[in-house]
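Good morning, and thank you for making time for this presentation.

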Amino acid sequence: MLTGSFSLTTTSQMELIAISEKIHALIQKNSVSSGICYLFNPHTTAGLTINEGADPDVGDDLIKGLLHMVPSNLDYKHFEGNSPAHIMSSLVGSSLIVHIADGKPQLGTWQKIFFCEFDGPRTRKVHWKIVE
Amino acid sequence: MLTGSFSLTTTSQMELIAISEKIHALIQKNSVSSGICYLFNPHTTAGLTINEGADPDVGDDLIKGLLHMVPSNLDYKHFEGNSPAHIMSSLVGSSLIVHIADGKPQLGTWQKIFFCEFDGPRTRKVHWKIVE
Amino acid sequence: MLTGSFSLTTTSQMELIAISEKIHALIQKNSVSSGICYLFNPHTTAGLTINEGADPDVGDDLIKGLLHMVPSNLDYKHFEGNSPAHIMSSLVGSSLIVHIADGKPQLGTWQKIFFCEFDGPRTRKVHWKIVE
């Protein structure tokens, strides 16, 4: 099982950062033609998701939807004041499975893999493992 | 690692289609007794989930809940007008892990595996891989 | 592939129960230094998530957020009256991937693995598999 981590820097409080190219590059670097890539986000106010990457408006609308669903003020108890970001993390999820075929992520035509920042800007990490 | 894809046709704008029998059949066809089945939905306005399959009202209530949480009109920017379906896709998730035991999906008594259509009707695909 | 199950008892209608120590213990018991642990919840009114475990208020706020997002009364059809719990199960998800490094779950500083009870109290099960 191949394993590693990479870092990324977010620049806004909430944003989606496409990491498909990073994943494609590490699949190529390790000469993997077929298998599964497991991504894991070790942060509790961030997440990983797959969605449309052709139109960046989709990511903005996802953030808009999450901000609507998870109110900024709901008599939360957590002292740091970032409970909405923690809730969004559990809604979107902290890990992803990406199938690998023909030496690249087996994504649909419009899909990209996104790191979701919900409480930035920060420096973040993603752990990955690949099983051939 | 065994790998493949299957198609399915949805007939409504939003619906849950049980695919447990399809997964069971491909496990049997490949004579797998124990392992993990990884399902991946390559579409950005659909998802995969596991929930109660005995009473079809549960699936209808899930759709009702999602329609309540994700408003149809929220000043979305995406020009195609289907942002709610994209948001639901990230909420439910695009992939699933199904444990395999005794030659079948190791599901709970009431669980079924569902393909979630959020922007149909369409012809859809599901990619699968099985590790023994 | 190592495989097994464990039980846990919940004591409230809705609660998050940390199971990181249980997962750490079974990794150690099986002398696994590196790999992936796959957790699966076979119940349709419960889930699995990873979030902050240092401050228990975060779990309480997650429950508060879910109760806000998923109304208790929405003209649901399911006769058992626990549709909100089913909806939360699909939002949070029924399975988890946990990377293993250095003989333990490769979690972030603040992360813990949680079993989410949405319709308790009940006795619940978690199925696990480990690939080295």
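Please keep in mind that this is a predicted model. I begin with the charged pairs. Between chain B and chain C there are two salt bridges. In one such salt bridge, the side chain of D57(B) meets that of K77(C), with 3.7 Å from N to O.

Which elements of chain B give two or more residues to the side that touches chain C? They are the strands β3 (35-40), β4 (46-52) and β5 (95-101), together with the helices α2 (57-69) and α3 (83-92). The most is given by α2(B), which supplies ten residues to that side. By residue type, the side of chain B that touches chain C divides into 14 nonpolar, ten polar and seven charged residues.

Let me turn to the extent of the contact. Chain B contributes 31 residues, and chain C contributes 31 residues. The size of an interface is often expressed as the accessible area lost when the parts come together. For chain B and chain C, the buried area is about 2,600 Å², and carbon and sulfur atoms give 60% of it. Three residues deserve mention here: D61(B), I97(B) and H99(B) supply 22% of the area that chain B buries against chain C, more than any other three residues.

How are the two copies related?

Strands of a sheet pair through backbone hydrogen bonds, in either a parallel or an antiparallel sense. In chain B, five strands form an open sheet in the order β1-β8-β3-β5-β6, and the pairing is antiparallel. Its edge strands are β1 (2-9) and β6 (104-105) of chain B, each of which pairs on one side only. The partner of β1(B) is β8 (residues 123-131) of chain B, and these two strands pair in the antiparallel sense over eight bridges. To locate this pairing in the display, find S5(B), which stands opposite H127(B) in β8(B).

Conventions. Residues are numbered from 1 along each chain as its sequence is written. Chains are lettered from A and ligands numbered from 1 in the order in which they are written. This is a predicted model: local features need pLDDT of at least 70, side-chain atom pairs count only at pLDDT 80 or more; totals for chains, interfaces and linings use all residues. Side-chain values use heavy atoms; hydrogens and water are left out. Contact means heavy atoms within 4.5 Å. Buried area is the accessible area (1.4 Å probe) that two parts lose on being put together, summed over both. A salt bridge is a side-chain nitrogen of Lys or Arg within 4 Å of a carboxyl oxygen of Asp or Glu. Helices (H or I, at least four residues) and strands (E, at least two) are DSSP runs, numbered from the N terminus. Ala, Val, Leu, Ile, Met, Phe, Trp, Tyr, Cys and Pro count as nonpolar, Asp, Glu, Lys and Arg as charged, and the others, Gly among them, as polar. Two strands pair if DSSP finds at least two bridges between them.
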